[in-house]
Amino acid sequence: GALCDDAMTLGERLRHALILPYRQHCASLALSASLGIACAPLHGREPEALLRAANLATLEAKASGRDALRAFDPALLERAERRDRLREAFVEALRAGELELHVQPQFDRRTGKLDGGEALIRWNSKRLARWVPPPEILAAAGEAGLLPELDLWVLRTAAALQKSWLGVPGAPPRLGINISSVTLHDPRFAGQLRAVLEEHALPPEALEIEIPEDLAVRDLPGVARTMGAIHEIGVPLALDDFGAGHSNLTHVVNLPVQRLKLDRCNVSLLPDDPKAYAILRTTMAMARSMGIEVIAEGVETEAQAEALERLGCHVIQGWLMARAMPPAELLRQFAPGPAQVAAG
């Protein structure tokens with residue numbers, strides 16, 4: 001109503017006042033403000049409800065960018081309640097063992113054999129009665145403060161799976177796992193990794209830790225210690241999503257990585273986009289000169305695979321070859337001879 005319109009007008013005046021530079025002697029300080037507005041009784045009658053509405057509007061303003069002003073919308077409350085339900089269901093699922101690891105195979109086109117696999121989290125929620133996409137899983141884990149616990153679950157589950165696969169014909173010789181930024185900043189993670197390997201008597205080369213490329217570029221000092229410790233243990237490191245827009249080729253020189261995983265955005269443009277082809281050709285030349293292996297993600301067509309082979313990239317991952325699948329299904333499809341069932 002009119003009262004809310006007045007509040008928005010006042011909020012706009014306040015926002016403009018705050019963004020004016022603050023000067024003290026010779027120094028000038030630029031400020032920014034994200035403002036959220038909720039009005040009684042339209043958005044709540046009780047103080048707690050009104051404060052929550054204002055806070056949700058402020059969060060929406062922050063998400064919109066600097067110096068934003070937003071009024072509360074009932075849809076914000078619906079989204080917040082949906083996030084709350086998801087978070088509560090995730091906490092319950094992690095404790096109850098409801099999460100699964102599926103594996104997407106990685107193929108070497110020269111040999112026709114599995115070169116490795118990537119472990120991917122899957123969650124069929126009983127409480128929500130649906131499969132929950134991985135981005136929602138990670139968001140729920142982050143909001144619950146459980147990303148380190150989720151990473152440790154992935155590590156332990158992947159190690160147990162690889163232990164069960166040692167010596168099994170057709171099984172992936174290594175399994176890549178994705179680790180969150182929170183865990184990569186934790187100095188304890190390398191010790192946890194070493195302990196899990198020892199617990200399962202697993203050779204370090206049976207696992208691979210995938211590092212988000214944007215994180216390595218954005219915060220190398222923050223993760224360098226953990227990456228160095230992982231490298232010393234002997235577990236290979238892969239730089240994930242390489243070429244997604246953050247890439248700095250000189251950065252790779254400073255990283256103890258054994259593999260680059262080409263981002264699917266450039267792969268999807270093959271074989272017809274000259275710019276994508278040139279970027280990948282440069283990347284392959286750099287990787288060869290440094291003795292770094294390259295794998296292409298998101299390969300969906302034979303034409304893309306053939307273009308990658310012309311560039312010298314022979315290891316591919318994507319729907320062209322196989323989607324992520326339960327471990328037992330992977331062995332049924334790719335192990336020679338009688339089907340073998342793996343634990344995990």
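Start with Phe334, which is partly exposed at 24% relative accessibility (buried means under 20% relative accessible area, exposed over 50%, partly exposed in between, with a 1.4 Å probe and protein chains only). Before going on, note that this is a predicted model, where local features need pLDDT of at least 70, side-chain atom pairs count only at pLDDT 80 or more, and totals for chains, interfaces and linings use all residues. Residues are numbered from 1 along each chain as its sequence is written, and side-chain values use heavy atoms, leaving out hydrogens and water.

Now for the pairs. Rings of Phe, Tyr and Trp (its six-membered ring) pair if their centres lie within 6.5 Å; planes under 30 degrees apart count as stacked, over 60 as edge-to-face and the rest as tilted. That gives two aromatic pairs here.

One of them joins Phe90 and Trp123 edge-to-face, 6.0 Å centre to centre with 75° between the planes. Phe90 sits in helix α3 (residues 74–96) and Trp123 in strand β6 (residues 113–125), 33 residues apart, so the pair links distant parts of the chain. Helices (H or I, at least four residues) and strands (E, at least two) are DSSP runs, numbered from the N terminus. Phe90 is buried at 0% relative accessible area, and Trp123 is buried at 0% too.

Back to Phe334: its partner is Phe107, again edge-to-face, at 5.3 Å centre to centre and 65° between the planes. Phe107 is in strand β5 (residues 99–108) and Phe334 in helix α14 (residues 327–334), so the pair ties together parts 227 residues apart in sequence. Phe107 is buried, at 7% relative accessible area.
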